[in-house]
Amino acid sequence: MALNRAQVENIAHLARLELEPAEIPAFQDKLSRIVDFIGELDRADTAGVAPMAHPLPGLAQRLRPDAVTEADAHELYQQNAPQVAAGLYLVPKVIE
Amino acid sequence: MTKSSGTILDTAQQRPPRGESRDETGTGWETVIGLEIHAQLATRSKIFSGASTAYGAAPNTQACLVDLGYPGVLPVLNAEAVRMAVRFGLAIGARIARQSVFARKNYFYPDLPKGYQISQYELPIVAQGSIDIVLEDGSIKRIGVTRAHLEEDAGKSLHEGLPGLTGIDLNRAGTPLIEIVSEPQLRSARDAVAYMKKVHTLVRYLEICDGNMQEGSFRCDANVSVRRAGSDKLGTRTEIKNVNSFRYVEKAIQYEAARQIELLESGGKVVQETRLYDPDKGETRSMRSKEEANDYRYFPDPDLLPVELDEQYIESVRAGLPELPDAKAARFVSQYGLPAYDAGVLTASRELADYYEAVARAVPGEPKLAANWVMGDLAAALNKEGLDIDSGRMPAERLAGLLVRIADQTISGKIAKEVFEAMWSSGESADTLIDTKGLRQITDTSAIEQAIEAVMAKNPAQLAEYRAGKDKLFGFFVGQVMKATQGKANPAQLNELLKKKLPG
Amino acid sequence: MIHRHTLAQLAAELRARKVSSVELARAYLERIQASQPLLNAFISITGEQALAAASAADAALARGEGGPLTGVPIGHKDLFCTEGVRTTCGSRMLENFVSPYDATVVARLRAAGAVMLGKLNMDEFAMGSSNETSYFGPVRNPWNTDLVPGGSSGGSAAAVAARLLPGATATDTGGSIRQPAALCGITGIKPTYGRVSRYGMIAFASSLDQGGVVSASAEDAALMLREMAGFDPRDSTSVDTPVPDYVAGLNAPLEGLKIGLLKEFFDSGLDPDNERCIREALAVFTRLGAKVREVSLPNISLSVPAYYVVAPAECSSNLARFDGVRFGHRCKEPRDLTDLYKRSRSEGFGAEVKRRIMTGTYVLSAGYYDAYYLKAQRVRQLIAADFQRAFAEVDVLMGPATPSAAFAIGAKTADPITMYLNDIYTISANLAGVPAMSVPCGFTQGLPVGLQIIGPHFAEQRLLHAAHRYQLETDWHLRVPERFA
Ligand SMILES: [Mg+2]
Ligand SMILES: [Zn+2]
């Protein structure tokens, strides 16, 4: 199944990726091939087969005791941040 | 538990309003409302990390690597959040899922560090419960709770004081929430508020949420649509996001329903969208930035396994449930003989109910007297100063000390109000004030007779008129004797004696 | 020639104080520096920290203290977070990212006394089978530097093959340990999903990722894995069962081992020379007393398409956190929030990562979720059931690790599917979560060939045992490219 340009652009937007107009055809081509390839799954008869989200069967979520174990280390953590002020991470103004 | 929002004794709003139509708009339209309530669970640490959930810390000082979505970190579920959700589910008679699953809700937003919110989608922990609310006409309506699921809260965006920029504080990110989703069975803004208040009462009874609405611990999204009365097809709905007061919920829904009706009547169409309530302008407006079609791409979170709960666990949680508001109200009716209305008001919070019971126990045989005082003078005094019932301003024993003196006729109800005021301002006990102010009621028959005789002697003209048949003057004599005794004459005795003496 | 010693030998020599950790670190760091222009196996070389850790190790050894790996030099694939050391994941996105914490694997190996010499090159975010997608340039195969080393743990595999390190950590989401181990002629093990903590391992596809080891021998792998494996309360998918002593019992006889020959892996696409090597290896196992029979996994042909739905779906979500706000690359002068997101991500990620994010976004989006994502998860169930049936009959499965030996740099970059099919024999083990190894088993035209051994859940010991016994009979694993001998 070939993906059209608008589909590729929509996916890129959902994924917050900016594609240069010139690179869209290449993405369109490769993604179309990938979509064709994964389309092979249609061959499988999966009637009555439960989807498998985890590779180990029968395991259940472990529960952590409700205890505060993490101390403040925001100065260390913010050393990787591109823009901070007064302990806040900064981004261009968000309009609601 | 921190200070709750609003006042506990919100009697003005709880009393069933009279002469008000259920059809709020009165135009042959019906409003259909479903609420999604987000209640922050009162855990110490976050739902998937060991960072503190305490409110009010300096920005990002309570955001650990997991809350920040740092590369490589992983979530581990907080046992207490699960227990609290199960408590809620059991309290509303819901089905507790033996297996529930966390999913990722994917979208980009700066207060959402991982680019997805961990929530429950297809298999929530709680499903199909119900909550009873009292309608304006006093009847009871059962509202279905479709589901209640666990999820993590987002951080906060701060827009003030940063020109051209938004600041992100992720302290709140990862705080556990339970999202409680009602069926679209609410039919008026008042229904919606009654339901929301009931949920608020419940989560506080269960001690799973502090209910603090100013701090955002309890907030609500309202889905509102309208349809012609009698139609069974749902109209297009809008979602009003994040309203955090009962009053605003009421106003926002009223405004939104009216807006939709006006729109439809003028031939327009309701657009399905997210709207924001502006309390200053009293109107809702479209959130344009979020208007684009959302495609959340939910899928099971591969970092978390299915949550499995067995019978034994669920029963152990059930065994720890407190007496719930409806059961408590029913008991107040049967044990104390209170009217259903009083029982409802007095069980609106656990603290209030406990207070009432402490007073009622200390004044044996007078549960209605206790109810009247708690709901009346005490409530008014607390409300005036914006205090909570458990503020310690008027301990139950002290109020009971006053009511005991009414019950044993040491003072009259009228004098009692005076004593209460003095108690409120001085902090003294009722007995001390009664003694120092000499307010003890006169129950000595001969003393009252003397006072009556003196009044009769002073007012011969009125006495003559009374004896000539002007019965209305009976009140005049009551007043005069009370005045002469500074209000201390026992009213019942005074009545008796006047009836005997006046006719001559 | 100390670098020709195995990790097990080095550990013993360190304990016997025949060699010092500082000496070892110096010798290997020198080899690493010299090899960089040729192989580009490292993204960061942490000489200073390494020498400090090595002298601390020597001091511990002098006091008669120390763990099983004290003083042994190792390297970490650059997706394991290392406190205070840059962790790039092979991406421009994290070019300057310094982790404030250690991955559990890193902390455990350090606690066992291992000395980290540097961070190893890899395909960007572990997405690739040739190490050509790294922002820091491709890694080259030590056997022929015109060829790829395989990926995504190409730096780890090339470094061990060239004896720049006696052992290294690696990760495997669809073959990223076994495929480069096979193409570089070394031993690599991907443990059972959940056996090694994923905490601090930058995620590609969370339900498939698993940390493991590349080393010269199975015995070395056992030594390292014994320290890395085990329950971690910080990883909800980590399994709380005791870790057996992988080293003990390696020498036990193989007599009676039931080997299943993976029928479908020999059907088509397998290079005849590779097939010859595999069949010769099976003959060795037969000589050792194992019984070989053919086993069929009927759904295995669907593993690649199923993988290319599940892995991109998870990666599209896992990589959403790289948004230019809290860490990682941020574009210059963003016009608004959307621009910040889009340009930061587009500049920070390479083409293959973008393709996978987009594929994953597509298969999860409204209208396609059932047809692709759910369908793939159902197929995954079928594949897991195939393995379960097979392991009811045999102890281990064997077959090739790759369809052919190493290929030329640039040969498979034009068509993503050609590249994806390179993992045709390795992907199914990740989908089913079972442990699997690649063991050197011969050469074709001077290039190494890998034998894959797959076991049921938590059968790492069985795999290591079989591989070790094979390595006692053969010397393929001890061969080193001439240039690095
Ligand atoms: Mg919602
Ligand atoms: Zn929610």
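Predicted model: local features only at pLDDT ≥ 70, side-chain atom pairs only at ≥ 80, totals over all residues.
Close-up 1. Distant parts of the chain are linked by the pair B:His38, in strand β1 (residues 29-40) of chain B, and B:Glu151, in strand β8 (residues 140-152) of chain B, which are 113 residues apart. B:His38 counts as buried at 10% relative accessibility, and B:Glu151 is buried as well, with a relative accessible area of 3%.

**Close-up 2. The bridge between the two metal ions.** B:Glu179 bridges the zinc ion (ligand 2) and the magnesium ion (ligand 1), and these ions lie 4.0 Å apart.

**Close-up 3. The interface of chain A with chain B.** Here 35 residues of chain A are in contact with 52 residues of chain B, and the two chains bury about 3800 Å² between them, 59% of it on carbon and sulfur atoms. Between chain A and chain B there are zero salt bridges, whereas 23 residue pairs are in polar contact. On the side of chain A that touches chain B, α1 (5-14), β1 (63-64), α3 (74-77) and β3 (88-92) each supply at least two residues, with β3(A) giving the most, five residues. The residues of this side comprise 18 nonpolar, nine polar and eight charged.

**Close-up 4. The surroundings of C:Asp339.** C:Asp339 belongs to helix α10 (residues 337-348) of chain C and is buried, with a relative accessible area of 2%. Apart from neighbours within four places in sequence, C:Asp339 is in contact with A:Glu18, C:Cys331, C:Glu333, C:Pro334 and C:Ser344.

Notes
Residues numbered from 1 in each chain as written. Chains lettered and ligands numbered in written order. Heavy atoms only, no water. Helix = DSSP H or I, 4+ residues; strand = E, 2+ residues; numbered from the N terminus. Buried < 20%, exposed > 50% of the residue type's maximum accessible area, 1.4 Å probe, protein only. Contact = heavy atoms within 4.5 Å. Donors = N, O, S within 2.8 Å, 3.2 Å for Na, K, Ca; no water. Buried area = accessible area lost by both parts, 1.4 Å probe. Salt bridge = Lys/Arg side-chain N within 4 Å of Asp/Glu carboxyl O. Polar contact = N/O pair within 3.5 Å; in protein donor to acceptor, adjacent residues only side chain to side chain. Nonpolar A, V, L, I, M, F, W, Y, C, P; charged D, E, K, R; others polar.
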